[in-house]
Amino acid sequence: MKQEDALNLLQPYVDGELDAATSLEMERYLGGDAIARAQLARLRALSSALRAEADYYVAPGSLRAGILSGTRGAAAPPQGSTRVGSPHWLRSIGIGVAAAAVGSIATMTLLGPTQQDLTEHDIFAAHARATVSDRLLDVASSDQHTVKPWLSARLGFSPPVPDLSGSGFELVGGRIDVVGGQRVAVIVYRRRQHMIDVLVRPARGETPSVRSRDGLNLNHFTQSGMSFWLISDLSANELGDLARLLVTSAGP
């Protein structure tokens, strides 16, 4: 199987639409292609996010009433004649539904996951990677004047590293990680037994967001030209408290 073929089959593979033989061939191929595996992980993450967070709307009763009214109001064919095809109102509804379906499919196919979707997936992956490998810290220190220069010397920017111990968030150190192929600063705080990663990089126009997945909470905001991504198993409310403290410390 060629990489191009495998990438084209990823979405139906995620959706369970492949036959058994093709699925088995895909599994064998994925074992040797890191790029395809990464794309597969992104598609699965987006699929999970859509199932968890997409809005669901119940059609109003007026819609049913309107359809029934249309059937009652449809002109009957003259006696003895035969009408071929569907009533005009039914054909109109059919055309509308088909157009909506085509538009929806086209939008999903053309747009795909946004850059922010991919960034958030990478942040969840980076946090999991650091936790599983027990590499939360490259520099271990509660002194902001140690952590900040260490990070700044290894990056093209200087991330803010506030001391928030007086508010219950203890600075324990930092590390360098990679998100979207770019190096980012990770400042690590502790609240009780919970470790919190604060990933920082220059802002790129992302929108603020709050997410939850697999027992982890993610809080994103921008301040003073920097993007902050907070991720932890700490409660969403307490993670929000840390976000507000970071906004205040970063200044206007």
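**Exercise 1.** What pLDDT does the protein average?

*Solution.* The average pLDDT (the predictor's confidence in each residue, from 0 to 100) is 79, and 73% of the residues score at least 70. This is a predicted model, in which local features need pLDDT of at least 70, side-chain atom pairs count only at pLDDT 80 or more, and totals for chains, interfaces and linings use all residues. Residues are numbered from 1 along each chain as its sequence is written, and side-chain values use heavy atoms, with hydrogens and water left out.

**Exercise 2.** Determine how helices H1 and H2 pack.

*Solution.* Step 1: helices are DSSP runs of H or I, at least four residues, and strands are runs of E, at least two, numbered from the N terminus. Step 2: H1 (residues 3-14) and H2 (residues 20-30) pack at about 120 degrees, with axes 11 Å apart; axes are lines fitted to C-alpha atoms, for helices over the stretch in contact, and angles run from 0 to 180 degrees between N-to-C directions. Step 3: H1 is therefore oblique to H2, since angles under 35 degrees count as roughly parallel, over 145 as roughly antiparallel, 65 to 115 as roughly perpendicular and the rest as oblique.

**Exercise 3.** Describe the sheet and identify its edge strands.

*Solution.* Step 1: seven strands form an open, antiparallel sheet in the order E1-E2-E3-E4-E7-E6-E5; two strands pair if DSSP finds at least two bridges between them. Step 2: E1 (139-140) and E5 (209-213) each have a single partner strand, so one side of each lacks a neighbour in the sheet. Step 3: E4 (residues 194-202) is joined to E7 (residues 226-232) by seven bridges.
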